[in-house]
Amino acid sequence: MTSLQLMILRRVRGTMGPLQRPVQNLESVTTEEERAALAQMLPLAVVGSRKKVFDELERLVAHTAADELMVLTIVHDQAARHRSFEILTEYNGFALGRDA
């Protein structure tokens with residue numbers, strides 16, 4: 001998830017550029033204030049294992065009564081990004097490219 005956080009941080013700092021590789025320690029490249037701002041900007045970010053993501057999506061859909069999800073995957077590794085979407089197609093109720 002640090003690639004997404006770094007992308008947002010670069011926008012906040014006014015320095016655009018290509019998607020950066022993830023970092024091991026976000027604290028080493030951010031201030032406490034920047035981390036607080038990132039936390040406020042990503043309240044609906046769903047990250048984790050397949051089970052955690054599916055559970056969080058269920059909670060999010062139940063909380064919002066959403067009938068549609070827009071998924072954005074910001075991952076530096078292209079194969080990992082594709083795998084993320086493959087996993088999402090397994091989510092119960094996620095109709096990828098089909099009319100529900």
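What volume does the largest pocket have? About 930 Å³.

Before selecting anything, note that this is a predicted model: local features need pLDDT of at least 70, side-chain atom pairs count only at pLDDT 80 or more, and totals for chains, interfaces and linings use all residues. Residues are numbered from 1 along each chain as its sequence is written, and side-chain values use heavy atoms, with hydrogens and water left out.

**Stop 1: the pocket.** A pocket is an open set of points on a 1 Å grid where a 1.4 Å probe fits, with protein on both sides within 12 Å along at least five of seven lines. Lining residues have an atom within 4 Å of a point. Select Val-46, Val-47, Val-71, Leu-72 and Thr-73: of the 33 lining residues, they are the closest to the centre. Now color the lining by type: 22 residues are nonpolar, 8 polar and 3 charged.

**Stop 2: Thr-73.** Zoom in on Thr-73. Is it buried or exposed? Thr-73 is buried (under 20% relative accessible area), because its own value is 13%. Show its contacts (heavy atoms within 4.5 Å). Leaving out residues up to four places away in sequence, Thr-73 touches Arg-81, Ser-84 and Phe-85.

Key: Points joined across faces, edges and corners; volume = space filled by probe spheres on them. Nonpolar A, V, L, I, M, F, W, Y, C, P; charged D, E, K, R; others polar. Buried < 20%, exposed > 50% of the residue type's maximum accessible area, 1.4 Å probe, protein only.
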